[in-house]
Every structure is written in C-alpha cells, then in structure tokens.
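Good morning, and thank you for making time for this.

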Amino acid sequence: MAVSSFGCEHYKRNCLLKAPCCSKLYVCRLCHDAKEQHVMNRFKVKDVQCASCLRTQKAQQTCESCGIVFGEYYCNICHLYDADKQQYHCDPCGICRIGPKEKYFHCVKCNLCLAIDLEGNHKCVENVSRQNCPVCMEDIHTSRIGAQVLSCGHLLHKTCYEDLAKYKEYRCPLCKHSAWNMENCWEEMDKEISQTPMPSEFQNATVQILCNDCQTHCTVIFHVLGLKCSNCGSYNTAQNGGLSFQPSQT
C-alpha cells in the first residue's frame, strides 16, 4: 500500500510515536522535544499509533490492522519512518544517514560517515562530529542538516558554512585555517599591495608573523594591507609583536 502524505515538517510518515518517556503521541522525536521539557530517546520507542485506523501496536513498518505503510523507509533500531531518501543505518555512527550508502564511507578516526571522494583525501580529527558546530553551537552528529568538512578537518553545518561564505568570513572558526581555496584572493592581494607603496618611513619595516594556514613563523616586510607568509604565500596571518626597522641602504 502506498504511503500517504501524513507526517510533520520533519518527516513523512503514517504513524505517531508513543514516547517512552511520557507516553504521549507525537509524529516524531523532534516534534516531541519542541513541546516537552525533556527529550525522547528514539531507541527506546516500542509502540506506534496508526494515523489511519488509530490502532496502537508495536513499532513496525506496516499497520497490522489496516495494512497502511507507516514509512517507505523504516529502521528498527532508530525507529525512523520517512519517505525513501536512500537512507541507511550506520552501526558505528549509531544512527541513520541519508545515502545512497555506496556513496559514503565511515571514517573510523573522525567517527563519521563522509562522501566517498573524501576517503584518503581529508584531514582526520578524532571524533570530530561529536563536537558542536562552532558557528551555531548546535549538535552536528545527529543533525538533519548536512555537515561541511573543511580542509583543516573541522566540521560545520552546511548552512553555517554558507553563511560564512556569504559574509566573506573565510577562516575556520576553531583553528583559523582558510576554509576554502584562497589562491585567487591572495593573487589579488599581491596586485593591490604592489600598487600601494608604503610611506617612506615604513618601507624598511619588518614584522614577525604566524601563518594560520601552514603554521610557519617568519619575518616579512610590513604592509598595512596584508602580511604575506614567506613559506606558503597566504595572507591568512597574524602579527606577532611590533615593527622592526632595518637601516636604510646607502
């Protein structure tokens, strides 16, 4: 039997979950948590109520009374009912993920499912998804919002990553490493600095910097528009100390 359009803003399903904590009926755990002063443990759900015939029964995919399908996808571990989005349950993650499964792999060190093209091609940060998003401070691991893996290995919600890009904040909020390829921006900085000479009293000034991208400490020519790392060419740097003035050549 086809699945009808019953559900909530979070999921499409034809049943209500009986919360194991308070025995109240809700379409999903997120609806429950928004109304109650406690959270529902999805793994402890034992009973559901059919949205069509109102029969209360054990959690399963099809109503034992009227035969309606509660969800095109059903996980008997998470008790997740939803339209088919090629979901799969990841045992190491402990929850269901949106697939298809063959396009993802579970990174043991990161303890997270990642796109297959990142296998052997990302910087691992141990248990990275168990940290909250550093932008919104909300959970990443169980979030319904996708995660964006930065080149430094840290995670943001995709929506938070897009907000950073919109406001031209190009650095990881945690480690200050550049969040995306900045080569074109650094080339533009080179041009702007070459066309903007410093006043004569500062032309021999140098300063110590720390590069946020390669972690190199170096001494560079001071310029008010930017301080370029002599190792990797990044302008994502931080000044470390005051100016030093070299004696003028005669």
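Let us begin with Cys133, which is buried, at a relative accessible area of 0%. Please bear in mind that this is a predicted model. Cys133 sits in the loop that links β10 (112-115) and β11 (147-149). Which residues does Cys133 touch, beyond those up to four places away in sequence? They are Glu138, Ile140, Leu156, His157 and Cys160.

Is His89 buried or exposed? Its relative accessibility is 18%, and because buried means under 20%, His89 counts as buried. Again setting aside residues up to four places away in sequence, its contacts are Tyr73, Cys75, Ile77, Cys78, Gly94, Ile95 and Cys96.

I turn now to the interior. In soluble globular proteins, nonpolar side chains tend to be buried together. Here, the largest nonpolar core comprises 18 residues, and Leu150 and Leu156 have the most contacts inside it. Two or more residues of this core come from each of β9 (104-107), β10, β12 (155-157) and α2 (158-166). The most is given by α2, with three residues. There is also a second, separate core of 17 residues, among them Val27, Cys28, Ile95 and Cys113.

To finish with Leu150: apart from neighbours within four places in sequence, Leu150 is in contact with Leu156, Tyr161, Cys172 and Ala179. Thank you for your attention.

Definitions and conventions
Residues numbered from 1 in each chain as written. Predicted model: local features only at pLDDT ≥ 70, side-chain atom pairs only at ≥ 80, totals over all residues. Heavy atoms only, no water. Helix = DSSP H or I, 4+ residues; strand = E, 2+ residues; numbered from the N terminus. Buried < 20%, exposed > 50% of the residue type's maximum accessible area, 1.4 Å probe, protein only. Contact = heavy atoms within 4.5 Å. Core = buried A, V, L, I, M, F, W, Y, C linked by side-chain atoms within 4.5 Å.
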